[in-house]
Amino acid sequence: MDIFTFFPSWLFSTVSILLFSSIFIYSLRWKKTSKAAPNLPPSPPRLPIIGNLHQVIGKNFHQILWKVSRKYGPIMTVHLGATPYVIISSSEFANQALKTHDQILCNRPRSKGFKRLTFDYKDVAFSPHADQWKEMRKVLVTEFLGSKRSRLFKKVVDTEVKGMLDSFSSMPLNTTIDLDERLFHLVTDIVSKVAVGKSYREETFRGKKLKEMLDDLVISLCGSVSDIYPGRLGLILDELLGFNRRLEKTFSNFDAFLQMVLDEHIDHTGTSDHEKDMVDVCRSQLTTNEMKALLMNVLNGAIDTTTTTMVWTMSEIIKNPRVMKKLQEEIRRCVGRKSSVEESDVANMPYLKLVVKEALRLHSTVPFLLTRECVKHCQIGGYDIFPGTRVLINAWGIGRDPKVWKETASIFNPERLENVELDRSEMIPFGGGRRACPAASVATQIVEYTIANLFYSFDWQLPSGMKNEELDMEEVGSLIVVRKTPLSLVPVKHDWQD
Ligand code: HEM
C-alpha cells in the first residue's frame, strides 16, 4: 500500500510543490537575512537600564565621548538610557554622514521639549525634515540673514561695537572687564535689534531677564527623560521629576514674552523698508506660532553661539602673544589712524580671517551638531545605520583630530590654515549638509569685525600681572562649550606714539 492509495495524485503533487517551494523560499529568505545580518557600530559595555549614562552625566560630554572613541573607533554606539546613539568622531565618517548621506540623515528626532517650545515644530532647527522646515528656513535666510536685512545688520553692528569701544575708553585706568558678560550684551543687543527692533536685555519679564528665559529654554529643550526612555517609564519620570511643570512654565513665560514683542509691532507699519526688523517683514507671511518659533530659533541659536565664539577667539589671541602682535600689526597697518575699523577694512585682513577660523577649529562652540535622525537604511564606514537611529557628530573632536591636524592639533596656530583647501569635513563648527547653520557667514563676519575693532583700539592685558601663556582654557558645558572661568581683561587704549 503506498501513499497514493490514500491521497489522490493531484493532491500529492500540489502538496509537494507547496512544500518544496516553501522550503526554497524559506532557504532564500534565510540566506538573505543571514547575509543582511546587521553590522552595527561597536559599543562600549553598558549597564542595564541606564546604558552608558553613568560615564557621561555631569561631565564634559564631548571630551568623554572623544576619549571613548579613541578605543571603540570613529563610529560607535552609546546608550543613553534606553536609547542608542551612533557617535561619529572622524572627518571621514562625518563627511559620509553630512555629504554622501545628507538626504538620509537630515531629520531631527522628535522630543517633548522641542515640540512644545517650537510651537509644534513650526521652527527651523528642531523640526523634522519636511516642507514646513524648508519654508521656514527660506524665510530665515531671506528675511533675517540675507541681503534684505544686511543694511540694518551693518548699521546695528557698527553702532553697537562702537558703543562698546567708547564705554571701554571711558572707564578708569586699569578697570578689569568681564568679556563674557560684555560680549554677551553686545551680541544680544545686535541680534535683538535686527530681529525685533530693540533690545530687551535690561527688561524684566514675569520676574526674569531675557538671559534667564533663554537659559530656561535650553534646559527645557533638552531635559526630558522621555527623550531617552521612550514609553511609559519616561512619561512617569518626567512627571515625577517636575520636568512637565518646568516645561510648561518656560513655555508660558517665553510665549507671553514673544506675544508682547509681536503686539509691540502692530503700529510699525510706517517704518521704512531698510529700517524694518525681521518681525516687521515676516508678520504678513507667517502665522503667529510660526513667527514665535522663528524668533525662538533666532534668540536661542544666535546669541550664545556667537558670544562664545568671540570669547574663545579672544582667549586664544591673548594666550598667544605672537599671534596677538601679528594680528594687531595687520589690523593697524590696514586701517591706519582712524577712530575705528570699518566693515570694508576687514576684507583686507587675511590673517584675522585665519585667526577666527583657527579659533573655530579648536572651539566648536556647539560640540555635537544638533542630533540627526536617520530616515532610510544606509552605511557609514561599513556599519549599518537603520531608520530612526539618532546620530551625533562630535564637531569638537573632529576639529582636534591628530589624524587630520597632526600631533600639534591642540595648538592654536592660524598659519596652519594658510592656503589649505578644506572640503572633507575636516572642521565643522557650523555643521554640514542641508541642516548646516544657515548663519555661518553672517556670524563669522560679526566675530571678525568685533575682534578687529577690539584689537585695533586696545592693547589687552591680563589682571594682576598674570602671564598671557598662563590663561586658563578649561571648558564646561555639553550643549554649548564655554570657558570655565570668565575671561577678565584690562583694556589699555592703544598709544599711537609707540
Ligand atoms: C558662531 C556662531 C554660530 C555657531 C558656531 C553655530 C553653530 C551651529 C551648528 C553646529 C548647528 C547645527 C548644524 C548641523 O546640525 O549640521 C547650527 C544650526 C543652526 N543655527 Fe547656528 N551657529 C551660530 C550662529 C547662528 C546664528 C547667528 C543664527 C541666527 C539665526 C543661527 C541659527 C541656526 C539655525 C536656525 C540652525 C538650524 C538649521 C537647520 O536645522 O536647518 N546660528 N548652528
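## Sheets, helices and a ligand with iron

Strand S10 and strand S13 (residues 488–493) pair in the antiparallel sense, over four bridges. Two strands count as paired if DSSP finds at least two bridges between them. Helices (H or I, at least four residues) and strands (E, at least two) are DSSP runs, numbered from the N terminus.

This is a predicted model: local features need pLDDT of at least 70, side-chain atom pairs count only at pLDDT 80 or more, and totals for chains, interfaces and linings use all residues. Residues are numbered from 1 along each chain as its sequence is written, and side-chain values use heavy atoms, with hydrogens and water left out.

**The three-stranded sheet**

S10 and S13 belong to an open sheet of three strands, in the order S3-S13-S10, with antiparallel pairing. Strand S3 (177–178) and strand S10 (458–461) are the edge strands, and each pairs on one side only. S3 and S13 pair over two bridges. The table lists bridge partners in S13.

| Residue | Bridge partner in S13 |
|---|---|
| aspartate 178 | serine 488 |
| phenylalanine 458 | lysine 493 |
| aspartate 459 | valine 492 |

In a regular strand the side chains alternate between the two faces of the sheet.

Helix H18 (residues 440–457) lies across S10 and S13. H18 runs at about 90 degrees to S10. Axes are lines fitted to C-alpha atoms, for helices over the stretch in contact, and angles run from 0 to 180 degrees between N-to-C directions. Contact means heavy atoms within 4.5 Å.

**The iron and the ligand**

Which protein atom is the donor of the iron atom of the ligand? The only one is Cys437 (SG), at 2.4 Å. Donors are N, O and S atoms within 2.8 Å of the metal (3.2 Å for Na, K and Ca); water is not among the atoms, so sites may look incomplete. Cysteine 437 lies in the loop between helix H17 (402–405) and H18.

There are 27 residues around the ligand. Arg108, Trp133, Arg137, Arg372 and Cys437 come nearest. A residue is near a molecule or strand if one of its heavy atoms lies within 4 Å of it. The shell divides into 16 nonpolar, seven polar and four charged residues. Here Ala, Val, Leu, Ile, Met, Phe, Trp, Tyr, Cys and Pro count as nonpolar, Asp, Glu, Lys and Arg as charged, and the others, Gly among them, as polar.

A polar side-chain atom of tryptophan 133 lies 2.9 Å from an oxygen atom of the ligand. For arginine 137, a polar side-chain atom lies 2.8 Å from a ligand oxygen atom. At glycine 301, a backbone N or O atom lies 3.5 Å from a nitrogen atom of the ligand. Helix H6 (131–145) and helix H13 (288–319) are the elements that give two or more residues to the shell. H13 gives the most, with five residues.

**The four-stranded sheet**

Another open sheet has four strands, in the order S1-S2-S9-S6, with mixed pairing. Strand S1 (75–80) and strand S6 (372–373) stand at the edges with a single partner strand each, so one side of each has no neighbour in the sheet. S6 and strand S9 (residues 390–393) pair in the antiparallel sense over two bridges. There, glutamate 373 stands opposite arginine 390. Helix H3 (residues 61–72) lies across S1, strand S2 (83–88) and S9, at about 130 degrees to S1.

**A helix pair**

Helix H14 (residues 321–335) packs with helix H15 (residues 350–362) at an angle of about 140 degrees, and their axes are 8 Å apart. Among the residues that meet are Arg322 and Glu330 in H14, and Tyr351 and Leu352 in H15. The contact holds six nonpolar, no polar and three charged residues.

How values were computed. A polar contact is a pair of N or O atoms within 3.5 Å; within protein, one must be able to donate a hydrogen and the other to accept it, and residues adjacent in sequence count only if both atoms are side-chain atoms.
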